[in-house]
Amino acid sequence: MKILVCISSVPDTTSKINFTADKSAFDKNGIQWVINPLDEFSLTKAVKLQESQGATVTVANVGDAATEPVIRKALAIGATDAIRVNTEAKDSFSVATEIANIARNGGYDLILCGKESIDYNGGAVPGMVAQLLNQPFVNACVGLEVNGTEVTAVREIEGGKETISVKLPAVIAGQKGMVDEKDLIIPNMRGIMSARTKPLHIQEPAGSEVKVHGVSYDSVPARAAVKMVTPDNLDELVRLLHEEAKVI
């Protein structure tokens with residue numbers, strides 16, 4: 001079995017987010033980059049399938065050379081090899097097109113993604129990849145079992161869970177619950193050393209069309225200062241809730 005895991009390089013959630021002076025772009029200075037957490041659940045599941053079923057696991061990333069440390073971490077977690085499409089990720093369609101191109105040429109049985117990236121939260125890439133490949137797609141997956149040429153996926157729906165069976169090849173978008181958080185793999189020294197020798201293939205983009213362009217960015221407004229109200233001043237509390245907080 002050949003598994004392709006799509007990974008994004010995203011800012012660590014503890015990073016302070018800033019934009020350029022003209023607000024036309026995200027300021028990358030001083031940012032710590034990590035594997036998109038939802039992709040990491042899918043990657044861990046793929047490595048477990050590698051151990052139980054002898055699968056090969058390839059990670060794919062659309063990004064420039066700055067994403068390679070994150071790719072190497074994915075290799076240290078247990079992926080067999082990696083492919084980086086040498087272009088900046090600009091919108092969902094162009095990224096999905098590049099991933100679909102990799103999948104089409106590689107003949108993968110199973111494509112795993114996170115359901116969305118935590119930076120833009122678009123959630124569009126996995127579905128687009130499935131459509132471009134004309135393959136079945138299961139979104140928001142919290143459980144996955146592979147039985148020969150068929151996979152059984154459990155996905156979250158409003159008010160419960162749904163179990164779906166699909167034929168391979170297929171695209172699965174995972175999230176928290178695909179594996180237990182305690183089972184997420186932290187690279188050890190052996191994994192880190194072996195990652196240095198694993199193949200990382202660089203390929204030029206297919207020249208896919210970019211359909212969405214960012215116009216400008218704005219930071220979230222700063223929170224107003226806290227106002228303290230004494231317990232016996234109920235009139236002032238009501239006034240603040242009505243006139244300033246506007247919740248009553």
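## Exercises on a predicted single-chain model

The accessible surface of the chain comes to about 14,100 Å², and carbon and sulfur atoms account for 52% of that area. The model is a predicted one.

### Exercise 1. The chain as a whole

Describe the chain by its secondary structure, extent, burial, contacts and charges.

**Solution.** 
- Step 1: The chain contains six helices and 13 strands.
- Step 2: Its C-alpha trace spans about 70 × 45 × 40 Å along the principal axes.
- Step 3: Of the 248 residues in the chain, 38% are buried.
- Step 4: Considering contacts between residues at least 6 apart in sequence, 69% join residues at least 24 apart.

### Exercise 2. Ser42

Determine whether Ser42 is buried or exposed, and identify its contacts beyond its neighbours in sequence.

**Solution.** 
- Step 1: Locate the residue: Ser42 belongs to helix H1, which covers residues 37-53.
- Step 2: Apply the cut-off for burial, which is under 20% relative accessible area. Ser42 has a relative accessibility of 0% and therefore counts as buried.
- Step 3: With neighbours within four places in sequence set aside, Ser42 is in contact with Val5, Leu112, Cys113, Gly114, Gly174 and Met178.

### Exercise 3. Thr80

**Solution.** 
- Step 1: Thr80 is placed in the loop that links helix H2 (68-77) and strand S7 (81-85).
- Step 2: Once neighbours within four places in sequence are left aside, the contacts of Thr80 are Gln50, Thr56, Val57, Leu75, Lys198 and Pro199.

### Exercise 4. Ile248 and a surface patch

Classify Ile248 by exposure and name the residues that form the nonpolar patch with Ile248.

**Solution.** 
- Step 1: Ile248 is situated in the segment that follows helix H6 (234-244).
- Step 2: The exposed class requires over 50% relative accessible area. Ile248 reaches 55% and is therefore exposed.
- Step 3: Ile248 forms a nonpolar surface patch with Leu234, Leu237, Val238, Leu241 and Val247.
- Step 4: Together, the residues of this patch have about 530 Å² of accessible area.

Key
Residues numbered from 1 in each chain as written. Predicted model: local features only at pLDDT ≥ 70, side-chain atom pairs only at ≥ 80, totals over all residues. Heavy atoms only, no water. Helix = DSSP H or I, 4+ residues; strand = E, 2+ residues; numbered from the N terminus. Buried < 20%, exposed > 50% of the residue type's maximum accessible area, 1.4 Å probe, protein only. Contact = heavy atoms within 4.5 Å. Areas by Shrake-Rupley, 256 points an atom, 1.4 Å probe, with all protein chains shown as cover. Patch = residues over 30% accessible without salt bridge, like charges linked within 9 Å, V, L, I, M, F, W, Y side chains within 5 Å. Salt bridge = Lys/Arg side-chain N within 4 Å of Asp/Glu carboxyl O.
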